[in-house]
Amino acid sequence: MKSLNLKSKMLSLLIMSLALFVGAGAGHANGPTVERLTWAGVKLVLEDTTVFIDAVGTDLWDGNAPEGLAPVTTDTRRNYALITHAHNDHFDAAALKALLGERGYVICHESIAAYVASRGLRVIPAKTFHPVERGGFLFTAVPANDGFGSEQVSWVVSAGGKRMFHGGDTLWHGQFETIGAQLGPIDIAFLPINGAKVTRDPMPETPAVLTPVQAVDAALLLGAKLLVPIHFGWRDPGQYEEVDRPLETLKAVAERRGQAVKHLSPGAVLTGLN
Ligand SMILES: [Zn+2]
């Protein structure tokens, strides 16, 4: 009897381990599909829900969109669009109206909700550090700092056992570690890297957007498994100047600091994470 008991115990342990293993596998398989869009845009799809973050479908670059203008489309029943702030390279009201139709919502920080609504969009306002749950996704607005002094947040988005951070075009601030500690671990951090300086007289030396070096520091403080660079590859001489060779610099610094980086061209889907 004893040996039978032991055998059945071992068998049930084996079955439990297998169930845990299969469960973990299933969780990973349920992560959203991640597509990078043009400039700062990202598209996440999980089952019947699509989530856009800072998606721009209009050609703001006169035919010279950095790495090309990726189509912004959806074929799911539920659609949401997060925006980090209301500048036109992050908030494309016309494109969002077409994407969201009569049933979709823009989710934005409460400080710009009235403005977004005034553009004819349905809005879900969010407070900083107060999660909003919709369509199997959890969205949390977290602090950011805008180079022009406008209202801006970053987003932590969880779905299907994966957690993502989207940094809009924030400049450096002191909240990355707190965000990582409170809402991490982060699987993918989408971070701006162009370190842009913008026209003023005199033109400031201080960048208005994270530089490649700062983006690596931010990813490390967030505890991000992977950094995906966004918001780079365009300059308007004398008006808007990015750092030299942002992507190459990012890769070199990230390698030195032990931070994993994956460059996705607009329209490319992230593979190898699930
Ligand atoms: Zn921007």
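A nonpolar core is a set of buried Ala, Val, Leu, Ile, Met, Phe, Trp, Tyr and Cys residues joined through side-chain atoms within 4.5 Å, where buried means under 20% relative accessible area (1.4 Å probe, protein chains only). These views come from a predicted model, in which local features need pLDDT of at least 70, side-chain atom pairs count only at pLDDT 80 or more, and totals for chains, interfaces and linings use all residues. Residues are numbered from 1 along each chain as its sequence is written, and side-chain values use heavy atoms, with hydrogens and water left out.

**View A. The largest nonpolar core has 37 residues.** Look for Leu44 and Trp155, which touch the most other members. Strands (DSSP E runs of at least two residues, numbered from the N terminus) that each supply at least two core residues include β2 (42–46), β3 (49–53) and β9 (153–159). The largest share, four residues, comes from β9.

**View C. The zinc ion is held by four residues.** Asp89 (OD), His90 (NE2), Asp169 (OD) and His231 (NE2) coordinate the zinc ion at 2.2 to 2.3 Å; donors are N, O and S atoms within 2.8 Å of this metal, and sites may look incomplete because water is not among the atoms. The donor angles of 92 to 155° make the arrangement irregular, as tetrahedral would need all angles between 85 and 135 degrees. Both His90 and His231 are buried, with a relative accessible area of 0%.

Methods
Buried < 20%, exposed > 50% of the residue type's maximum accessible area, 1.4 Å probe, protein only. Donors = N, O, S within 2.8 Å, 3.2 Å for Na, K, Ca; no water. Tetrahedral: all angles 85-135°; square planar, octahedral: opposite > 155°, others 65-115°.
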